[in-house]
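Student: I have a model open on my screen and would like to talk it through with you. Could we go over it piece by piece?

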Amino acid sequence: SKILLYRVYFQPMTGSINKHVARAISSLFASGRDADMLIVFCQETGPSEMGVAKDDSRRVVLGDPLPAHQLVLRYASERFAIEFERWGKHRPDSLNTRTVSCDVSSINYDWLTSPRSDVLLTDDTLAWPDATQMPQRQSIQPAQITGAEPGSESPAGPDLLQSPATAHRGLTISFVPLGSADEVPSARAAIQFAYTGRITAGSIREVLELRRQGAYLQITGCTAACDEAIISMLNSSCTPRKSHGYNFGDGSYISSLCNQGCNSQQSASSDSTDGCALPAAIDLYINGSLWPNLDADMGFSAVLSVAKPQLVAHFGDASKVLNTSLLREQLLVLPPIALEALLESEEFGTDNESTVLLLLAVWMEANFLLTNSDMRQRLCRTIRLAHLSRPYLSLVLPALAADHEKDPVSPSGWFPLDVMQAAFVANVAGLPETDRMELLFLSSVPPYVFEALSLPRRRLCAAASGLTFSWHAAEQELLLQKDAHAVHPGCVSSVPCIFGEDVTRCAAHGFEWRLSVPQVCEDLNTAISLFCELPSALALPGSRLSKPCGLWTHVPVVATIKVQAATGPGGVQIKKGGRSDMLWVGMRWDVVLPPLAQRQTQHKQQQRQRSQLRGFLRHRHQHQQQLVDHSVAEDRHPLAAWTGYMLAGKVSGTLTLQGIP
């Protein structure tokens with residue numbers, strides 16, 4: 001009969017069983033029809049819950065009791081099979097399940113939930129089987145996605161329950177300890193899988209919770225089915241919106257990304273994100289606390305083998321992440337294990353390794369409290385130190401090392417490197433690979449430094465022409481600045497140029513770059529100011545880099561500023577930087593547009609000519625006089641010098657940053 005039931009239950013999808021029988025078995029879930037036991041979820045109280053104790057204390061019931069069928073669960077769950085076997089061996093005759101009617105769907109469960117009958121005597125025959133035969137349950141933290149607060153009452157209580165031989169009305173009770181009431185839905189879903197063989201979950205988090213409970217209850221085939229469901233979600237575009245709003249360790253609430261898209265373009269300057277929720281790969285990593293032990297559960301590696309490439313493909317490269325608002329927000333909510341998977345990937349690109357270190361610094365600024373020294377060391381060893389730019393090797397890395405020596409547990413001392421190790425890195429970084437590796441084998445640097453210096457160069461995401469960012473300055477903002485200067489003549493002001501996603505800065509080659517239109521002066525100058533600045537994530541309070549130090553270091557970058565003009569599609573293009581005209585961190589460059597001198601001369605000539613013309617036409621027709629006055633008024637417009645550049649109500653162009661080898 002056992003073999004027959006095995007074929008009946010475990011092969012419903014193969015067509016070797018009468019479909020009506022399979023449908024009938026599935027319909028028995030949560031039904032009182034033919035039920036011969038009750039599953040009662042209760043609060044886990046500790047190791048004593050797993051043993052047999054005559055003086056067992058009162059249990060706290062979580063949720064409603066679940067009618068069940070021993071015939072189904074015996075062959076669907078090893079855990080229940082062991083428990084049923086123990087019942088058959090040790091149950092006294094007085095506790096044998098008495099005969100009940102064939103339909104017990106109308107059973108009154110008030111004895112389980114009524115405050116007047118919730119405290120009953122305990123009988124050890126209904127306690128748990130021997131702890132040595134039962135699976136050890138992993139500790140599960142209360143989920144934050146539900147409305148129930150940790151410690152709050154469950155929908156049915158909490159009710160204090162003990163199982164007397166005379167009160168279970170013929171139905172044997174199996175107690176299932178859970179960490180909290182939040183785990184009841186996933187535990188019920190795992191038992192439902194035992195009946196139906198189907199996964200009932202709408203998000204990756206729900207599937208992971210179901211998977212954990214299925215492993216805990218030893219539901220055969222549940223973990224494999226959950227893995228297949230997760231892989232299916234990963235292969236779809238994104239996860240349902242309802243899967244968000246949970247935390248991943250520190251209680252931080254993740255809700256700002258729920259209504260934002262996940263389909264990003266490849267441009268470094270803009271990113272179209274509209275329509276779907278957080279990508280499934282990010283959702284999976286954010287719920288890493290629900291993962292099984294990866295060393296003990298090798299089956300989950302198939303899920304990660306699908307998720308990791310999708311995680312890397314979604315973020316693409318470091319420059320794209322730092323210059324795309326949505327990707328930057330998603331980066332900041334990644335748990336450490338996800339960031340490590342991203343940075344160690346060979347497919348994660350960058351314009352320069354310094355930008356990857358900047359990305360790590362941006363994440364660390366927001367998530368330092370989520371890390372410990374071991375995790376920070378694991379993250380920092382993903383930085384390919386031998387390929388950092390000269391400014392980072394000579395300035396940023398020594399400063400980070402000094403901060404670490406000063407206070408390794410402070411937010412500014414997050415990079416685990418001392419000053420002498422930073423000096424060693426700077427010396428070997430410029431060596432050919434063979435010489436560098438030979439020196440590394442002879443050195444005594446820590447293993448993580450050895451690994452970081454041994455990694456090959458990353459995939460370059462920038463073309464030979466460099467990274468290009470679009471910018472603009474609105475005419476209205478320039479007029480407001482002009483008015484402010486008229487009211488306060490002594491103030492020095494400028495209008496910041498806006499890059500693609502309404503930000504005033506862009507990140508490239510490990511630094512932040514910005515453009516602005518300087519103060520609109522009476523001499524009608526037309527100029528654009530370029531700034532290269534140290535990112536704030538590297539200059540945390542207490543850091544060596546937070547102290548003013550004038551010009552920090554030169555940057556091996558050529559900056560090309562292009563301004564759209566009415567003269568043609570090519571506009572005006574000006575280059576700054578290079579070996580003979582170096583750009584320095586902390587310096588400002590004012591780029592004067594070429595037509596400026598010619599415009600000033602033409603303006604003065606036009607002023608003299610119109611003055612003479614006004615005298616000549618003083619007594620002529622009134623209409624002609626109005627035309628002349630209108631022409632003069634145009635020349636007196638505060639933005640007259642920008643006439644050739646002001647297109648569609650704004651001055652616009654591009655900024656191209658090209659690294660020098």
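Tutor: What follows is a conversation about a predicted model, taken one topic at a time.

Student: Let's begin with the overall picture: how many helices and strands are in the protein chain?

Tutor: The protein chain has 22 helices and 17 strands, and of its 661 residues, 50% count as buried.

Student: And what share of the contacts with a separation of 6 or more comes from residues 24 or more positions apart?

Tutor: Such residues account for 74% of those contacts in the protein chain.

Student: On to the rings, then. How many aromatic pairs does the structure hold?

Tutor: There are 10 aromatic pairs in the structure, and one of them joins Phe-84 and Trp-87, a tilted pair with 5.3 Å from centre to centre and 45° between the planes. Both residues belong to helix α4, which covers residues 78-90, and they are three residues apart there, about one turn of the helix.

Student: Which residues do ring pairs link into a cluster with Trp-87?

Tutor: The cluster consists of Phe-80, Phe-84 and Trp-87, linked by ring pairs.

Student: Where does the charged end of Arg-514 sit?

Tutor: The charged end of Arg-514 is placed over the ring of Phe-531, at 3.9 Å from the centre of that ring.

Student: Back to α4 for a second, where was the Phe-84 and Trp-87 pair again, and why is the Trp-291 and Phe-300 pair called tilted?

Tutor: Phe-84 and Trp-87 both lie in helix α4. Trp-291 is buried at 7% relative accessibility, and Phe-300 is buried with a relative accessible area of 0%.

Student: What does Arg-211 touch, and where is it found?

Tutor: Arg-211 is found in helix α7, residues 204-216, and is buried, with a relative accessible area of 4%. Leaving aside residues up to four places away in sequence, Arg-211 touches Thr-223, Cys-226, Asp-227, Pro-292, Asp-297 and Phe-300.

Student: New topic: how do α12 and α14 pack?

Tutor: Helix α12 (residues 325-332) and helix α14 (residues 353-367) pack at an angle of about 55°, and their axes are 9 Å apart. That angle makes α12 oblique to α14, and α12 passes α14 in a right-handed crossing. On the α12 side the contact is made by Arg-328, Leu-331 and Leu-332, while α14 contributes Leu-359, Val-362, Trp-363, Ala-366 and Asn-367.

Student: And where is the place of Phe-348?

Tutor: Phe-348 sits in the loop between α13 (336-343) and α14, and Phe-348 is buried, with a relative accessible area of 0%.

Student: What does Phe-348 touch, not counting residues up to four places away in sequence?

Tutor: Its contacts include Phe-315, Asp-317, Leu-342, Arg-458 and Arg-459, as well as Leu-359, a residue of α14 that also takes part in the contact with α12. Val-312 is another residue that Phe-348 touches; the two are 36 residues apart in sequence but 6.0 Å apart in space, C-alpha to C-alpha.

Key
Residues are numbered from 1 along each chain as its sequence is written. This is a predicted model: local features need pLDDT of at least 70, side-chain atom pairs count only at pLDDT 80 or more; totals for chains, interfaces and linings use all residues. Side-chain values use heavy atoms; hydrogens and water are left out. Rings of Phe, Tyr and Trp (its six-membered ring) pair if their centres lie within 6.5 Å; planes under 30 degrees apart count as stacked, over 60 as edge-to-face and the rest as tilted. Helices (H or I, at least four residues) and strands (E, at least two) are DSSP runs, numbered from the N terminus. Buried means under 20% relative accessible area, exposed over 50%, partly exposed in between (1.4 Å probe, protein chains only). A charge sits over a ring if NZ of Lys or CZ of Arg is within 6 Å of the ring centre and within 35 degrees of the ring normal. Axes are lines fitted to C-alpha atoms, for helices over the stretch in contact, and angles run from 0 to 180 degrees between N-to-C directions. Angles under 35 degrees count as roughly parallel, over 145 as roughly antiparallel, 65 to 115 as roughly perpendicular and the rest as oblique. A crossing is left-handed if the near helix is turned anticlockwise from the far one by less than a right angle, and right-handed if clockwise. Contact means heavy atoms within 4.5 Å.
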